[in-house]
2 protein chains.
Amino acid sequence: MKFQLQKTDEYSKARCGILETDHGTIQTPIFMPVGTNGTVKTLSPPELSDNGVQIILANTYHLYLRPGDQLLAEFGGLHRFMGWNGPILTDSGGFQVFSLTDLRKIDEEGVTFQSHLDGTKHRFTPERAIEIQYNIGSDIMMVLDECTPYPCEYEYAKKSMHLTVQWAKQSIRFWQENSNPYETDQALFGIAQGSVYEDLRKECIEKLIDLDFPGYAIGGLAVGEPKSERNQTTDLCTDMLPSEKPRYLMGVGLPEDILESIYLGVDMFDCVIPTRNARNGTVFTSKGKLIIKSAKCKADHKPIDENCTCYTCKNFSRAYIRHLFNSNEILGLRLATLHNVHFYMWLVSEARKKILDDKFVNWKDQLLEQWKEESLQENKKIINRKDHPEYSGDSPPGERKDR
Amino acid sequence: MKFQLQKTDEYSKARCGILETDHGTIQTPIFMPVGTNGTVKTLSPPELSDNGVQIILANTYHLYLRPGDQLLAEFGGLHRFMGWNGPILTDSGGFQVFSLTDLRKIDEEGVTFQSHLDGTKHRFTPERAIEIQYNIGSDIMMVLDECTPYPCEYEYAKKSMHLTVQWAKQSIRFWQENSNPYETDQALFGIAQGSVYEDLRKECIEKLIDLDFPGYAIGGLAVGEPKSERNQTTDLCTDMLPSEKPRYLMGVGLPEDILESIYLGVDMFDCVIPTRNARNGTVFTSKGKLIIKSAKCKADHKPIDENCTCYTCKNFSRAYIRHLFNSNEILGLRLATLHNVHFYMWLVSEARKKILDDKFVNWKDQLLEQWKEESLQENKKIINRKDHPEYSGDSPPGERKDR
């Protein structure tokens with residue numbers, strides 16, 4: 001993997017770069033749609049590439065349990081198994097394991113847990129997490145870390161951060177001394193923890209920088225903290241992280257969060273929001289959110305977004321998509337997902353263009369203002385807690401609600 | 001609509017023809033995938049045409065209730081609403097209404113029923129069924145009929161057949177005296193009833209022929225009768241029906257049923273089996289059925305069907321599709337449906353070629369023999385009543401299990 005920083009915005013920390021992997025080149029800032037089980041829910045691989053997707057995220061925990069990393073190795077890795085020839089990033093499985101609060105036990109060497117599928121016992125160590133990711137064959141692997149909840153006691157966050165750093169050391173050693181079954185390169189990213197405590201974040205990042213990872217993630221955010229704390233911590237982290245390495249903010253987020261984090265110097269994002277919200281009937285447009293099932297769409301001839309060039313918007317009315325949702329038709333989930341993924345890819349590619357033109361800050365502020373107004377006008381009437389992804393109850397066990 | 005009989009097989013009643021509609025030309029024999037709610041479940045319109053689909057079926061009852069035929073008229077008809085520019089056939093809604101056994105009451109003028117969605121009261125008459133289909137704008141409309149169950153008392157079948165004939169008279173008069181809101185032609189097919197009673201079928205068909213419909217359907221079959229009775233009745237009907245008009249066997253069927261009915265001189269078919277079975281994990285291949293979820297597919301690198309050229313078979317292994325089904329991933333339903341629809345379209349287009357070459361009978365017998373053997377070898381071990389479509393419990397109210 002090779003990262004080249006192309007440009008930093010004149011008026012903010014926003015930046016763009018090029019990330020080269022053996023499965024293709026990624027232009028940052030970039031959003032990675034989530035393909036937990038080796039499929040971005042409802043979409044086929046050509047639908048991803050046709051809509052500007054450059055890299056997807058897959059979940060080590062889920063793939064390890066089903067179909068199993070050994071089976072993936074037999075098939076030549078996840079790329080071949082799922083028919084996606086572009087870059088893949090895998091998380092370490094740590095986040096899912098730690099979310100199994102009652103089913104896991106952590107110790108200094110690793111974590112023992114029960115499968116949410118069948119209750120069988122398993123154990124992840126920093127080394128094992130890389131072994132599994134070697135079998136998956138992802139282009140970017142993540143180290144095993146402990147993602148602390150929010151809020152988190154200072155003492156616990158401190159102890160946990162030290163464990164994460166210790167595991168990072170073991171991980172990079174294992175990665176340097178071993179190799180995967182394939183001929184492709186697999187990079188390894190370190191993950192900064194430390195909750196919202198400035199001194200802990202600083203200490204963690206200093207120690208990770210000493211280990212010289214090919215890239216760095218900011219973990220432990222998007223777990224329920226207020227936006228102000230998230231932005232403050234992100235700002236602190238990007239101030240410290242080396243400019244010549246890619247920076248990945250894990251689990252973020254809503255379109256507005258992505259814009260704010262690009263502003264703070266983040267290069268990479270992943271989140272289930274575009275795909276999950278689509279399946280719940282919420283679509284994103286250049287003018288704000290739209291609840292496609294709402295009565296106002298009943299006889300609406302307009303596409304979801306008149307400015308959008310995706311297959312859904314070029315071919316179908318809001319009324320038809322609403323009808324599909326009301327009739328529980330899978331095509332509705334597909335069309336909404338396709339649009340939302342297209343919208344997220346449009347958002348980051350547009351951000352990139354604006355950064356290259358030194359117009360990012362104005363453009364971002366205008367969009368945020370527009371969405372805020374739209375939200376005040378429209379959504380107050382409609383959105384209830386159920387419609388908001390962070391409160392939607394459809395997460396499978398072991399999968400974070402907002403990821 | 002114009003039908004041209006091109007050729008009748010030298011060794012059987014099998015035939016091929018060309019059916020011209022304002023939305024395109026159909027080469028018979030043809031299979032019509034079912035798009036109950038204005039979408040062939042899981043598939044997009046281009047996926048239909050790319051896989052050889054020439055005409056789809058939509059359900060008047062379902063579309064009348066949701067989104068409503070008035071809304072469809074506002075959108076210029078179903079073709080525009082759903083983005084499918086090819087031919088559409090609609091049933092009359094009668095079949096669904098009559099399947100609401102406890103929620104409907106029949107009289108000589110029509111049938112009053114309660115919606116399975118919200119319990120509201122509605123009434124269909126022969127004229128109203130055409131009015132609704134006028135708003136839908138389908139290329140081929142069906143008359144309102146009563147589809148008798150199996151088994152059916154002779155006296156009831158006789159009375160019901162006379163009612164169906166009376167309604168057919170009213171229908172053709174209404175059709176001749178009225179027109180749709182669009183500029184496209186809508187043909188009207190009569191439906192032969194009479195259960196499995198030879199004299200009733202004969203009487204019904206004689207009277208329908210007098211009314212000179214543009215095409216004729218054989219109704220009242222595929223409702224649980226033994227195959228021998230179905231074939232006998234089909235044989236009788238195609239003997240009597242005029243050769244220069246298209247013949248449509250409603251609700252049939254499995255691949256073997258389609259071949260046997262083509263042999264008996266049927267031109268058109270519809271059935272939910274390819275789409276519904278796909279969603280239950282049963283796929284059809286040139287060598288017989290395959291339960292994709294079965295353990296034997298776990299590490300199988302082969303496509304569903306090595307002889308198949310569909311997108312699914314060109315890109316994905318049985319192991320991957322099995323994994324998608326096990327993980328409840330929608331892409332699995334899509335890939336299996338795409339394959340099954342492709343298979344059904346291959347089957348009828350291959351039948352057509354063989355008829356043109358006077359090789360139909362041998363080819364059909366070979367395929368049937370092959371499937372029978374495969375079924376003896378493989379499926380006896382696996383298939384239980386649940387896997388069979390006629391016993392699967394996933395039918396929405398008002399939709400016949402095998403349609």
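Which hand does the crossing of H13(A) and H14(A) have? The crossing is left-handed, a label given when the near helix is turned anticlockwise from the far one by less than a right angle (right-handed if clockwise). This is a predicted model, in which local features need pLDDT of at least 70 and side-chain atom pairs count only at pLDDT 80 or more, while totals for chains, interfaces and linings use all residues. Residues are numbered from 1 along each chain as its sequence is written, with chains lettered from A and ligands numbered from 1 in the order in which they are written.

Helix H13 covers residues 318-326 of chain A and helix H14 residues 330-356 of chain A; helices here are DSSP runs (H or I, at least four residues), numbered from the N terminus. Their axes lie 7 Å apart at an angle of about 130 degrees. H13(A) contributes A:Ile321, A:Leu324 and A:Phe325 to the contact, and H14(A) contributes A:Leu331, A:Gly332, A:Leu335 and A:Ala336, where contact means C-beta atoms, placed from the backbone, within 7 Å.

As for confidence, the predictor gives the complex an ipTM of 0.94 and a pTM of 0.94.

Note on methods: Axes are lines fitted to C-alpha atoms, for helices over the stretch in contact, and angles run from 0 to 180 degrees between N-to-C directions. Helices (H or I, at least four residues) and strands (E, at least two) are DSSP runs, numbered from the N terminus. Two residues are in contact if their C-beta atoms, placed from the backbone, lie within 7 Å.
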